[in-house]
Amino acid sequence: MAGAVDLSALKQRPSTNEGGSSAPAGGVEITETNLEDEVLVRSSQVPVVVLLWSPRSDASVQLGDALAELATADGGKWSLATVDVDVVPRVAQMFGVQAIPTVVALAAGQPLSSFQGMQPPEQLRRWIDSLLDAVAGKLPGSGEAGEAEDVDPALAQARASLDAGDFDAARAAYQAILDGDPNHAEAKGAVRQIDFLQRASSRDPGAIAAADAAPDDIEAAFAAADVEMLQQNVEAAFDRLIGLVKRTAGDDRTKVRTRLIELFDLFDPADPEVIAGRRKLANALY
């Protein structure tokens with residue numbers, strides 16, 4: 001998204017709102033004129049959730065109302081911005097909209113997460129909470145980033161090793177934390193991520209073709225799914241293993257299901273691709 005449009009040109013070209021659309025109550029209606037201030041600059045202070053919508057879509061209106069209620073309830077912890085794709089198509093193009101409604105969350109001017117279509121209120125609540133957790137104390141304009149954080153030295157060392165790309169040292173440090181506190185959320189997540197990265201980065205790039213040629217080979221499917229995950233083709237990786245779940249039974253099915261759940265656990269539970277994958281897995285099992 002960064003650099004996709006010339007923001008200075010947008011500021012110089014005022015946008016008119018002739019469509020007469022009524023944006024969801026509680027959100028800031030975005031035009032080419034206020035895009036920089038209300039989305040990019042504002043997102044350095046709090047997360048900005050951008051709803052790309054159209055009054056032609058009932059789902060858009062319902063999603064906007066649901067997000068507005070959450071924004072009001074959270075009292076300024078995040079900002080809701082709305083883009084009517086019919087009125088400001090250039091802004092919609094900047095976000096690469098392919099369907100409405102689409103929701104994109106930004107922090108510090110960069111996209112963090114997105115989804116398409118209506119979501120249940122409880123799912124929206126979890127998604128918002130995960131955004132707030134992800135940026136807590138990290139935004140440069142929030143007034144929190146400069147506050148001293150009381151970090152355990154062992155955790156600080158683990159983070160430093162991970163930031164430096166020393167996966168072996170980082171994993172050992174996080175594992176030591178887990179040995180003392182088996183429920184430490186950051187350490188558990190970091191160990192899962194490191195284990196995956198170390199395994200997947202050693203895979204042969206030709207693993208996908210090999211698995212396609214032998215669709216019932218479990219180890220080949222595991223290798224191909226790892227490569228697809230590294231290529232950010234998450235849905236393909238999930239679908240490959242879900243298809244294998246359908247074709248296996250007994251211990252083999254358990255083995256494949258276990259690996260698939262491990263891949264799910266690499267993501268936020270509220271991630272739309274994880275939600276879709278879990279639904280497909282449930283259908284495959286039952």
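What share of the contacts in the chain with a separation of 6 or more comes from residues 24 or more positions apart? I looked this up and found 62%, a contact being heavy atoms within 4.5 Å.

**Entry 1: the model.** I note that this is a predicted model, in which local features need pLDDT of at least 70, side-chain atom pairs count only at pLDDT 80 or more, and totals for chains, interfaces and linings use all residues. Residues are numbered from 1 along each chain as its sequence is written, and side-chain values use heavy atoms, with hydrogens and water left out.

**Entry 2: confidence.** I checked pLDDT, the predictor's confidence in each residue, from 0 to 100. The chain has a mean pLDDT of 84, with 87% of its residues at 70 or more. I then compared the elements, where helices (H or I, at least four residues) and strands (E, at least two) are DSSP runs numbered from the N terminus.

**Entry 3: the chain as a whole.** I recorded 13 helices and five strands. Of the 286 residues, 40% count as buried, that is, under 20% relative accessible area, against over 50% for exposed and in between for partly exposed (1.4 Å probe, protein chains only).

**Entry 4: the second largest pocket.** I took a pocket to be an open set of points on a 1 Å grid over the protein atoms alone, where a 1.4 Å probe fits, with protein on both sides within 12 Å along at least five of seven lines; lining residues have an atom within 4 Å of a point. The space in the second largest pocket is about 440 Å³, a volume being the space filled by probe spheres set on the points. It is lined by 21 residues, and T102, S114, F115, Q116 and P272 are the closest to its centre. Strands β4 (102-107) and β5 (110-116) and helix α13 (272-285) each give two or more residues to this lining; β5 gives the most, six.

**Entry 5: S113.** Which strand holds S113? I found S113 in β5. Why does S113 count as partly exposed? The reason is its relative accessibility of 21%. Leaving aside neighbours within four places in sequence, S113 is in contact with V103, V104, A105, W127 and L131. I also noted that S113 and S130, 17 residues apart in sequence, lie 9.9 Å apart in space, C-alpha to C-alpha.
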